[in-house]
Amino acid sequence: YVNYRDIITGNTKAQFTANMDKIFANIAGSGFNTVFAQVRPFGDALYDSAYFPWSRYLTGTEGKNPGYDPLEIMCQLADQYGLRIEAWINPYRVRTDARPLSADNPARKWIEAGDSAALKWGDGIYYNPGNEKARNLIVNGVKEIVENYEVDGIHFDDYFYPTTNMSFDAATYKASGSKLTQANWRRENVNILIRQVYATVKEADPDCVFGISPQGNMENNYDGQFIDCAEWLSNEGYVDYIMPQIYYGFQNGKNPFAATVQKWNDLIKNNHTKLYIGIGAYKLGAEDAWAGEQGKMEWINTSNLLARMVETARKAENYGGVALYNYDSLFLKPSAQIKKEVAGLEALFS
């Protein structure tokens, strides 16, 4: 939604279609074969949903019908340009600001009723991973997309538990009677959802894939967001692919690109899951302040960094592909450096 929020708000069907046509044409023209299109950023929908309100990014008002179906149009464009399309969802996130919830938003109804299926935290609102009703809502939302649209996959982003503070869901944990620690109970709550989503996707369309893009730093995932990627990648029935956001350069002081790719490759213990490598193209042309002294200028003084990352990723035993974040970084007013980087990708993808 970050890429297209400014070109969809208040637009007509014709305007939306024309804008998206340019985007899909650029993607296909550079040799990419898949679009990851965010369709539910904040417990809302950029498609006709029976469960979630229309996104405020379409009209400026949550719940207001824009008069057309953005996902349907994007699926048509994907077919027109020979692209795969995956519906990208943030499962738990409802709000990170004070904007009001529409009357038909299920989170609003639950909060007003004092139901723990939706919880407030700071300025935000989140679906409670430990609540069965919240999980069922998310699963049903996935099911309707796979059944109603010609999508090739369902994609979850890296937003799971919003805080390490255990008071967020302490009451739900206590009521569960779980013998697990609260941290492990949280991880199992996410595991349950992932298993349910995987099974639902396969039941609706066996050819549709399900994957997740966790953070590149494994410790952040396990201890910060309470997701157990090792569990997902050691067993069947969780994900078809894992797409870690390895948004690091080769010279990153803590998580150098090549070594991090290898760590994620080695984490896959089953014979089913593929490794997609998420590459942070948005860093090109800027100093990477978190990379350490040696790596902070790596994204500036380069013209072939992305191509070298793809070539490195392709050496991984469980390699299945690469994905670049994000569209604007490569195609919106590209600099001379970006044009060289994209040309290098095109040569590899041709």
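The following legends describe close-up views of a predicted model.

**View 1. Buried face of helix α11.** Helix α11 comprises residues 257-267, and its buried residues are F257, T260, V261, W264, N265 and L267. Viewed down the axis of α11, these buried residues fall within an arc of 160°, so they line one face of the helix. An α-helix has 3.6 residues a turn, so residues three or four places apart point the same way. The elements covering the buried residues of α11 include the helices α9 (218-224), α10 (229-234) and α12 (305-313), together with the strands β8 (241-242) and β9 (274-279).

View 2. Buried in α14 are Q337, I338, E341, V342, L345 and F349. These residues cover an arc of only 130° around the axis, which puts them on the same side of α14. On the other side of α14, the residues A336, K339, K340 and A347 are exposed. Cover for the buried residues of α14 is provided by elements including α12, β10 (319-324) and α13 (327-331).

**View 3. Crossing of helices α2 and α4.** The axes of α2 (residues 13-29) and α4 (residues 70-80) come within 10 Å and cross at roughly 40°. The crossing in which α2 passes α4 is right-handed. On the α2 side, the contact is made by K13, F16, T17, M20, D21 and F24. The contributing residues of α4 are P70, I73, M74, L77, A78 and Q80.

**View 4. Lysine K283 in the loop between β9 and α12.** K283 is located in the loop that lies between β9 and α12. Its relative accessibility is 14%, and K283 therefore counts as buried, the limit being under 20% relative accessible area. With neighbours within four places in sequence left aside, K283 is in contact with Y247, D288 and W299.

**View 5. Asparagine N270 in the loop between α11 and β9.** N270 has its place in the loop between α11 and β9. With a relative accessible area of 9%, N270 is buried. When neighbours within four places in sequence are left aside, the contacts of N270 are W232, L233, S234, N235 and E236. N270 and Q80 are 190 residues apart along the chain, and their C-alpha atoms are separated by 35 Å.

Terms used. Residues are numbered from 1 along each chain as its sequence is written. This is a predicted model: local features need pLDDT of at least 70, side-chain atom pairs count only at pLDDT 80 or more; totals for chains, interfaces and linings use all residues. Side-chain values use heavy atoms; hydrogens and water are left out. Buried means under 20% relative accessible area, exposed over 50%, partly exposed in between (1.4 Å probe, protein chains only). Helices (H or I, at least four residues) and strands (E, at least two) are DSSP runs, numbered from the N terminus. The arc is that of the directions from the helix axis to the C-beta atoms. Contact means heavy atoms within 4.5 Å. Axes are lines fitted to C-alpha atoms, for helices over the stretch in contact, and angles run from 0 to 180 degrees between N-to-C directions. A crossing is left-handed if the near helix is turned anticlockwise from the far one by less than a right angle, and right-handed if clockwise.
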